[in-house]
Amino acid sequence: MTIKAFHKKLTLIIAFVLCAGLFGAVGMTHASIEPTATNKVPLVLQDATVVDVRTGELIEDQTIIVTGNRISYIGDNDEVTLPKHAQVRNASGQYVIPGLWDMHVHLDHDHEHAFPLLLGNGVTGVRDMGAPLNDIDKWKNVIKKGMSAPRIIYAGSTIFQFKGNLEAPHVINVKSEKEAREAVRTNASKGADFLKVYSYKTPAIYAAIVDEAKKYRLPIAGHLPMPVRAIDAVRAGQKSIEHMYGLFIATSSKEAEFLGKADYEDRYYEYEILAEKHYDPKRAERLFNIFVQNEVYQVPMLITEKNELKSKIDSRAIYVPTAFQKAWIKMIKGAEPDKMTADYVKIKDGMVKKMNDAGVPILAGTDSDFELTNLIYGVSLHDELQLLVENGLSPLQALQTATLNPAKYMERVYELGTVEEGKLADLVLLKANPLEDIRNTTRISAVIYNGKLIEKKELEKSIKTYELVKMEDVKVEPSPPHKPKSSSHHHGLHSH
Ligand SMILES: [Zn+2]
């Protein structure tokens with residue numbers, strides 16, 4: 001080991017000890033669901049190329065030793081003494097990246113499909129953005145019984161005020177400030193890591209949630225609630241903004257005018273597209289700076305609307321139970337050609353580039369949920385990374401949105417987000433360099449999560465497959481007039 005490498009190592013160890021001590025001292029714990037199973041013997045990855053996701057540097061000829069669920073050593077091949085009775089895995093010609101995070105999913109009660117699909121696609125962590133409360137118990141139960149699952153941080157149920165009385169199992173529909181505070185307490189008692197906010201009739205309900213959340217020291221994440229101004233959400237401490245909803249209005253010269261519209265929620269896409277015509281670069285620059293300074297993360301989820309525009313069922317839907325495949329085909333066939341969504345997707349792509357150029361931190365998310373057309377747990381995250389690159393991020397920046405940035409967002413850089421000594425051993429072995437071509441994140445050779453190595457072949461065995469339903473095999477009955485489609489999010493907002 002060179003002196004420089006030794007110093008780097010020493011600094012890392014000191015930093016790790018300091019961080020662990022610091023977090024221990026203030027009692028900062030996270031309630032997230034963590035895997036328990038780990039390797040009984042040390043795991044050695046030999047002759048790997050480590051991808052440094054901070055700098056984009058490739059460090060060749062490395063040996064990584066994993067003890068328990070942590071990386072205990074990383075060094076040059078020829079400097080290592082291997083531990084006795086170790087499991088040795090040759091990784092020559094392979095690239096090691098940190099385990100990926102999908103920062104916006106809905107596991108619902110589909111966890112038995114979702115968990116193997118996520119892990120099989122190298123997704124070792126997810127942020128659940130709203131679930132029925134009893135489903136959280138189900139996840140915990142199957143994990144306790146030994147089912148392999150990614151790390152999960154969760155919101156509990158979405159705190160939500162929708163027009164009419166729309167009820168969905170993963171939301172708590174609140175009608176007053178008092179009910180909003182109760183919803184915070186309900187989620188807190190379920191062990192939520194944060195709270196998912198949505199739109200409200202008045203900013204006062206949002207304020208009540210923010211105030212109640214402080215008592216439980218729970219961060220706020222979610223939609224930019226209507227009719228809350230983006231700047232006010234930042235001031236309230238909201239940590240992430242989902243879908244980039246509301247940002248065209250927020251960066252237009254007519255923010256007050258649009259926020260004042262009573263039918264804002266129904267005509268959401270329409271107003272965002274209109275607002276984009278009044279884009280004000282000075283206002284945008286100011287808002288983006290505020291996002292940067294306050295570390296407010298954006299979760300664009302480009303794949304969600306792109307999937308909605310597809311005229312066919314995705315060929316990878318073989319991982320999706322037949323009933324959902326049929327429902328997707330019905331939704332695809334039932335939708336009219338939707339120019340508005342197409343226009344919106346175009347301006348949204350442009351906004352991602354602008355924000356990335358301004359240095360606004362971005363998280364990879366998908367909204368994966370079998371109820372939304374063509375979204376497949378695990379698979380869709382790789383699609384999202386590719387879309388981020390198509391829209392101005394470098395492959396390294398795209399990789400950061402699913403590794404380093406989630407770790408920063410969760411304040412867990414001391415144990416996640418990079419391939420470094422002392423960190424949790426959540427790793428993905430790739431057969432090709434993801435910095436050369438982001439599509440290489442799909443070329444998985446093995447996944448290590450919580451110290452346990454599972455070969456891709458083994459991972460595939462745990463994933464259920466179904467026959468792909470043919471478009472022509474699903475008949476669509478004409479829908480009765482004036483009956484809105486329940487899950488349509490073409491002209492207003494869906495409940496995710
Ligand atoms: Zn969602």
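## Strand pairing

Two strands are taken to pair if DSSP finds at least two bridges between them. Helices (H or I, at least four residues) and strands (E, at least two) are DSSP runs, numbered from the N terminus. The model is predicted, so local features need pLDDT of at least 70 and side-chain atom pairs count only at pLDDT 80 or more, whereas totals for chains, interfaces and linings use all residues. Residues are numbered from 1 along each chain as its sequence is written, and side-chain values use heavy atoms, with hydrogens and water left out.

Strand β2 (residues 58-67) pairs with strand β3 (residues 70-76) in the antiparallel sense, over 6 bridges. Within this pairing, V66 stands opposite I71 of β3. The two strands form a hairpin with 2 residues between them, and G68 in the turn has a positive phi of about 60°.

## Nonpolar cores

A nonpolar core is a set of buried Ala, Val, Leu, Ile, Met, Phe, Trp, Tyr and Cys residues joined through side-chain atoms within 4.5 Å. Buried means under 20% relative accessible area, exposed means over 50%, and partly exposed lies in between (1.4 Å probe, protein chains only). The largest such core has 116 residues, and those with the most contacts inside it are L107, W139, I152, I209 and F291. Domain 1 (3-98 + 416-461) and domain 2 (101-409) both contribute residues, so this core lies between them; the domain bounds come from an automatic or database domain assignment. Another core, of 17 residues, lies apart from it and includes A48, I64, A425 and I448.

Contact means heavy atoms within 4.5 Å. Not counting residues up to four places away in sequence, F291 touches V234, I241, L247, V296, Q298, M355, V360 and P361.

The expected span of a helix is 1.5 Å times one less than its number of residues. Helix α5 (residues 203-215) has 13 residues and reaches 19 Å from its first C-alpha to its last, close to the expected 18 Å. Its buried residues are I205, Y206, A208, I209, V210, E212 and A213, and they pack against β9 (158-160), α4 (177-189), β11 (195-197), β12 (220-222) and α6 (230-235). R217, which follows α5, has a positive phi near 50°.

The 19 residues of helix α13 (residues 339-357) should span 27 Å, and its end C-alpha atoms are 28 Å apart, which agrees. Among the buried residues of α13 are Y344, K348, D349, M351, V352 and M355. Just after α13, G359 takes a positive phi of about 85°.

## Two buried residues

K456 is placed in helix α17 (residues 456-461) and counts as buried at 18% relative accessibility. A polar atom of the K456 side chain lies 2.9 Å from the backbone oxygen of G120. Leaving aside residues up to four places away in sequence, K456 touches G120, I444, S445 and A446.

I249, in helix α7 (residues 247-250), is buried with a relative accessible area of 1%. Beyond its neighbours within four places in sequence, I249 is in contact with E255, F258, L259, Y264, Y271, E272 and A275.

## Backbone exceptions

Most residues other than glycine have a negative phi, and most peptide bonds are trans. H85, not a glycine, has a positive phi of about 55°; H85 is found in the loop between β3 and β4 (87-90) and is exposed, at 68% relative accessible area. E295, also not a glycine, has a positive phi of about 50°. E295 lies in the loop between α10 (281-293) and β14 (297-299) and is partly exposed, at 48%.

A cis peptide bond, with omega about 0°, joins M226 and P227. P227 is found in the loop between β12 and α6.

Technical notes. Polar contact = N/O pair within 3.5 Å; in protein donor to acceptor, adjacent residues only side chain to side chain.
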